[in-house]
Amino acid sequence: MRIRIVDAFTDRPFAGNPAGVLLLDGFPEDDWLQNVAMEVNHAETAFAHRLPEGGEADWALRWFTPVAEVAMCGHATLATAHVLHSTGAHEGPVRFATRSGVLVATPREDGSITLDFPTAPLTRAEIPDGVAQALGAEPLVAFDTGANVGDLLLELADEKTVRALTPDLRSLGAYSERGIIATARAEDPARDYDFVSRCFFPNVGIDEDPVTGSAHTALAPFWSERLGRAVLTGLQASRRSGRVRTELRDDRTLLSGRAVTVIEGELIA
């Protein structure tokens with residue numbers, strides 16, 4: 001079967017967030033899926049198969065990190081939609097049946113793809129004792145992001161603080177189900193992004209995720225409320241970096257970006 005590595009939320013190779021993508025006839029045993037994801041060793045590997053016509057979704061989709069299956073993944077969904085459209089396997093909007101419900105990916109004339117995801121329900125939380133030491137910076141506020149995302153969102157003082165983080169990842173895993181989203185307002189909005197973030201997910205085998213679509217379903221409502229705009233652009237300030245355009249629509253968040261296939265080969269295992 002064909003296996004592809006796709007860089008998502010970027011328009012150039014070797015940037016954004018890489019994901020493995022496999023189009024299957026059906027889902028094999030979970031152990032095989034997990035072993036493939038471990039072999040690919042990117043933040044997520046996506047597995048998809050076509051569903052019968054006439055249903056609520058066109059393709060079934062699952063996502064695995066190197067150590068666990070996850071409930072939601074934005075960049076691997078974008079990567080899968082990119083593969084479907086670039087190979088001619090699917091035309092127009094594609095509906096994915098996932099653990100987080102039906103997610104829709106719509107190709108745009110400018111070459112980008114827009115994902116329709118559920119907005120994360122944000123709940124104000126107490127800043128946990130010890131999290132500042134583990135993160136390496138003092139948070140201003142903390143929010144729980146709900147079951148689908150499973151992170152603790154922490155606002156920091158400024159963009160420079162977010163960029164300079166060198167957290168103690170072993171300690172950081174104690175403070176949420178998946179990990180930590182650290183964010184701050186953009187230092188200079190004239191640079192075409194409104195906020196920055198970095199994401200650390202040690203509990204699912206990802207020290208730092210390069211560009212995290214699912215995190216932006218929490219970042220979008222967080223920053224839209226503060227900045228007074230429904231449409232924003234987030235820069236994930238990892239080493240690879242990438243931009244996510246967000247649009248808040250009540251209980252849904254639209255995430256838009258581009259993707260580039262960088263590797264295509266044959267899986268023989």
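A salt bridge here is a side-chain nitrogen of Lys or Arg within 4 Å of a carboxyl oxygen of Asp or Glu. Keep in mind that this is a predicted model. Side chains of opposite charge can pair when their charged atoms come close.

**Stop 1: Arg-62 and Asp-30**

Select Arg-62 and Asp-30 and show their side chains. They form a salt bridge, with the closest N and O atoms 3.0 Å apart. Arg-62 lies in strand 4 (residues 59–64) and Asp-30 in helix 1 (residues 30–40), so this pair ties together parts that are 32 residues apart in sequence. The two side chains are also joined by a polar contact of 3.0 Å.

Is Arg-62 buried or exposed? With buried meaning under 20% relative accessible area, Arg-62 is buried because its value is 16%. Asp-30 has 39% relative accessibility and counts as partly exposed.

Now show what surrounds Arg-62. Leaving aside neighbours within four places in sequence, Arg-62 is in contact with Phe-27, Asp-30, Leu-33, Thr-45, Ala-46, Phe-47 and Glu-69.

**Stop 2: Glu-69 and Arg-99**

Glu-69 forms a salt bridge with Arg-99, and here the closest N and O atoms are 3.8 Å apart. Glu-69 belongs to strand 5 (residues 69–70), while Arg-99 sits in the loop between strand 6 (94–98) and strand 7 (101–107), so the pair ties together parts 30 residues apart in sequence. Glu-69 is partly exposed, at a relative accessible area of 24%. Arg-99 is exposed, at 52%.

Keep both pairs on screen. Asp-30, Arg-62, Glu-69 and Arg-99 are linked in a network of salt bridges.

**Stop 3: Glu-247 and Arg-245**

Go next to Glu-247 and Arg-245. These residues form a salt bridge whose closest N and O atoms are 3.8 Å apart. Glu-247 counts as buried, at 18% relative accessibility. Arg-245 is partly exposed, with a relative accessible area of 39%.

**Stop 4: helix 2**

Select residues 74–87, which make up helix 2. How far apart are the end C-alpha atoms of helix 2? They are 20 Å apart, which agrees with the 20 Å that 14 residues should span at 1.5 Å a residue. The expected span is 1.5 Å times one less than the number of residues.

Colour helix 2 by burial. Eleven of its 14 residues are buried, so the helix is mostly covered. The buried residues are Gly-74, His-75, Ala-76, Thr-77, Leu-78, Ala-79, Thr-80, Ala-81, His-82, Val-83 and Leu-84. Step past the end of the helix to find Gly-88, which has a positive phi, near 80 degrees.

**Stop 5**

In soluble globular proteins, nonpolar side chains tend to be buried together. Select Trp-63 and Phe-96. Of the 48 residues in the largest nonpolar core, these two touch the most other members. Helix 2 gives the largest share of this core, six residues. Apart from it lies another core, of 19 residues, among them Leu-154, Tyr-193, Val-196 and Leu-235.

**Stop 6**

Select residues 179–185, which form strand 12. Six of its seven residues are buried, so strand 12 is largely enclosed by the rest of the structure.

Which strands pair with strand 12? Strand 11 (residues 151–155) is joined to strand 12 by five bridges, and the two run parallel. Strand 13 (residues 195–201) pairs with strand 12 in the antiparallel sense, over six bridges. Leu-154 stands opposite Ala-182 in strand 12, and Ala-182 stands opposite Arg-198 in strand 13.

Move on to strand 14 (residues 206–209), which pairs with strand 13 in the antiparallel sense over two bridges. The bridge partner of Cys-199 in strand 14 is Asp-209. Strand 13 and strand 14 form a hairpin with four residues between them. End the tour at Gly-205 in the turn, where phi is positive, about 80 degrees.

Methods: Residues are numbered from 1 along each chain as its sequence is written. This is a predicted model: local features need pLDDT of at least 70, side-chain atom pairs count only at pLDDT 80 or more; totals for chains, interfaces and linings use all residues. Side-chain values use heavy atoms; hydrogens and water are left out. Buried means under 20% relative accessible area, exposed over 50%, partly exposed in between (1.4 Å probe, protein chains only). Two strands pair if DSSP finds at least two bridges between them. A nonpolar core is a set of buried Ala, Val, Leu, Ile, Met, Phe, Trp, Tyr and Cys residues joined through side-chain atoms within 4.5 Å. A polar contact is a pair of N or O atoms within 3.5 Å; within protein, one must be able to donate a hydrogen and the other to accept it, and residues adjacent in sequence count only if both atoms are side-chain atoms. Contact means heavy atoms within 4.5 Å.
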